[in-house]
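Let us read a structure together, one feature at a time. Take a look before the questions start.

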Amino acid sequence: MTKYKAIVTTAGAAKIAAATAGGTQLKITHMAVGDGNGTLPEPTPEQTQLINEQYRAALNALDIANASQNHIVAELIIPANVGGFWLREMGLFDESGELIAVGNMAESYKPKLEEGSGRTQTLRMVLVVSSTDAIQVIAGGDTVLASRDFVEKAILEHEGSRNHPDATTTVKGFVMLSNATNSPSESKAVTPAALKQVSDAGLKKASNLSDLQNKEAARSNLALGTAAMRNVGTETGQLMAADEIDRRYLKKSGDTMDGSLELKSTIAANYYESMPDQYPEGSGAYDGQLNSKAPFYQPDFYWQIAPGGHYVPLVKGRSTRKNRGWPTAVSYGYLIPEQDMHAHPVIHAQGDSGVKCSWEFNTISGKITSKAGEFTPINETLNTIYPIGIVVLFANTTNPNTAFPGQRWEDLSAKGYDTRVLALGYNPLTTGGSNNVTISAHNLPDHSHKGGMNAPGKWYDTTVTGTDNSGNYKLGLTTNTYTDGTGNEFVRNEPLNVRNEYVHMRGWMRVG
């Protein structure tokens with residue numbers, strides 16, 4: 001018993017019979033394959049669909065077999081990117097989707113490319129019919145993919161025909177050969193014989209024009225003068241090549257050069273006993289400088305600024321001590337800051353070993369900064385050192401109103417503070433104290449001066465005296481103080497001058 005077979009279904013047999021009897025041709029358009037639900041199926045005439053269809057596509061070809069005129073071969077090609085299932089059953093369907101024929105096949109797995117392996121699979125089913133006229137055969141124009149048999153057959157048919165287009169100047173094709181050497185035709189190909197005839201009559205490339213019959217006439221016809229008779233070089237009587245001229249000489253205007261310009265002699269600047277009639281370009285008021293040029297002018301460039309800013313040198317010089325080193329490059333240019341602001345003029349110096357310094361001018365504040373810090377204007381510096389209210393002592397007659405323009409100072413000596421001692425306190429410019437001190441009795445230690453008998457002061461004792469010790473006499477304290485022992489000059493109790501020795505300084509206080 002045959003294990004693999006294909007049969008016409010009951011519906012298919014009815015449609016083939018109707019078509020054979022003179023009805024409408026049967027149009028078989030699609031083939032489907034399935035996996036039979038995991039087992040090799042047995043096809044039956046009653047089937048209307050595959051047991052487990054996996055893929056369906058239009059037929060690649062439906063043609064009459066060459067070996068037998070009643071065999072129709074249906075061909076399906078499964079592309080390499082379709083797969084991932086087993087092939088155990090196949091079926092043919094007409095244009096209405098009805099199953100015409102069904103069959104089984106040797107089991108094989110159809111992989112897909114994503115699984116790591118892929119192949120293009122060609123499946124064919126052969127129908128045996130009593131008349132091939134009953135079934136419409138698919139022509140080559142409807143072919144989805146060309147099988148090898150189809151291609152070989154098409155090539156053989158094409159080779160046996162002369163159905164080829166003629167060649168033109170833009171496309172390939174059949175051409176006719178011609179021996180003509182003066183024909184204007186563009187549809188014929190020249191033969192080697194014609195090419196030889198033209199070659200023999202023309203100048204030879206290898207001869208380098210040595211085969212010219214009249215060289216002087218040829219130069220005249222080419223409008224070549226005496227320069228055509230000279231060699232190219234840099235010697236006397238030779239012509240210098242254009243690239244050599246460009247290499248050696250600068251054009252009068254609009255030229256550029258690489259490297260440095262070495263002067264063989266001194267360039268003297270123009271000297272004027274008086275100003276020339278015209279000012280240099282760009283001269284004038286400051287306000288017009290943004291939109292004017294100068295004798296040396298850098299065009300207005302538009303740059304993308306990298307982090308950290310971009311320095312553009314305009315003038316640069318370099319020096320090195322002979323046989324000692326210390327190379328230094330000094331340039332003047334401008335810095336375009338990273339932030340959105342105007343460019344800052346810069347003087348920059350750089351040596352080797354990482355030595356460098358720049359002096360940057362801020363176009364907004366007018367201040368200058370370098371690695372030493374910010375250079376502050378003298379007025380700001382003086383305002384910082386000498387704020388309003390400060391008192392400064394001078395050992396000369398300097399007047400700070402003259403020395404520090406823009407500030408106001410007051411002479412403290414003129415305010416009655418001359419020779420006063422300075423004292424710290426919380427109420428500035430208030431005065432007090434005295435240079436003279438009067439000593440009172442309470443400034444002295446507790447003491448008294450004893451007098452004699454009947455002294456005017458308070459009694460402090462008595463005494464018995466006389467030759468006969470005749471009586472008691474009172475002893476009193478003295479009530480006056482004298483400068484000597486005679487009792488003739490009283491103490492005047494004058495103030496005591498306590499001023500120390502001093503040196504005069506001129507004092508000034510800033511008031512504005």
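**A guided reading**

Q: Leaving aside its neighbours within four places in sequence, which residues is Thr-9 in contact with?
A: Contact means heavy atoms within 4.5 Å. Leaving aside neighbours within four places in sequence, Thr-9 is in contact with Pro-45, Gln-47, Leu-99, Ile-100, Ala-101 and Val-102.

Q: What kind of model is this?
A: This is a predicted model, where local features need pLDDT of at least 70, side-chain atom pairs count only at pLDDT 80 or more, and totals for chains, interfaces and linings use all residues. Residues are numbered from 1 along each chain as its sequence is written, and side-chain values use heavy atoms, with hydrogens and water left out.

Q: Where is Thr-9 found?
A: Helices (H or I, at least four residues) and strands (E, at least two) are DSSP runs, numbered from the N terminus. Thr-9 lies in the loop between strand E1 (6-8) and helix H1 (10-20).

Q: Does Thr-9 count as buried or exposed, and why?
A: Buried means under 20% relative accessible area, exposed over 50%, and partly exposed in between (1.4 Å probe, protein chains only). Thr-9 counts as buried because its relative accessibility is 1%.

Q: What does the side chain of Thr-9 reach?
A: A polar contact is a pair of N or O atoms within 3.5 Å. Within protein, one must be able to donate a hydrogen and the other to accept it, and residues adjacent in sequence count only if both atoms are side-chain atoms. Here the side chain of Thr-9 reaches the backbone nitrogen of Gly-12 at 3.0 Å.

Q: Which residues of H1 are buried?
A: They are Gly-12, Ile-16 and Ala-19. Seen down the axis of H1, these buried residues fall within an arc of 65°, so they line one face of the helix. The arc is that of the directions from the helix axis to the C-beta atoms. The buried residues of H1 pack against E1 and strand E7 (99-110).

Q: What follows H1?
A: Gly-22 follows H1, and its phi is positive, near 110°.

Q: How do strands of a sheet pair?
A: They pair through backbone hydrogen bonds, either parallel or antiparallel. Two strands pair if DSSP finds at least two bridges between them.

Q: How many bridges join E5 to E8?
A: There are 8 bridges between E5 (residues 71-78) and E8, which run antiparallel. Glu-75 stands opposite Arg-124 in E8. Ile-77 has Thr-122 as its bridge partner in E8.

Q: How many bridges join E4 to E5?
A: The two antiparallel strands E4 and E5 are joined by 4 bridges. Ile-64 stands opposite Ile-72 in E5.

Q: Why is E5 largely enclosed by the rest of the structure?
A: Because 7 of the 8 residues of E5 are buried.

Q: What is the order of strands in the open sheet with E17?
A: The order is E17-E24-E18, and the pairing is antiparallel. The edge strands are E17 (391-394) and E18 (409-411). E17 and E24 (residues 506-510) pair over 4 bridges. Leu-393 has Gly-507 in E24 as its bridge partner.

Q: What does the secondary structure of the chain come to?
A: The chain has 7 helices and 24 strands. Buried residues make up 20% of its 512 residues.
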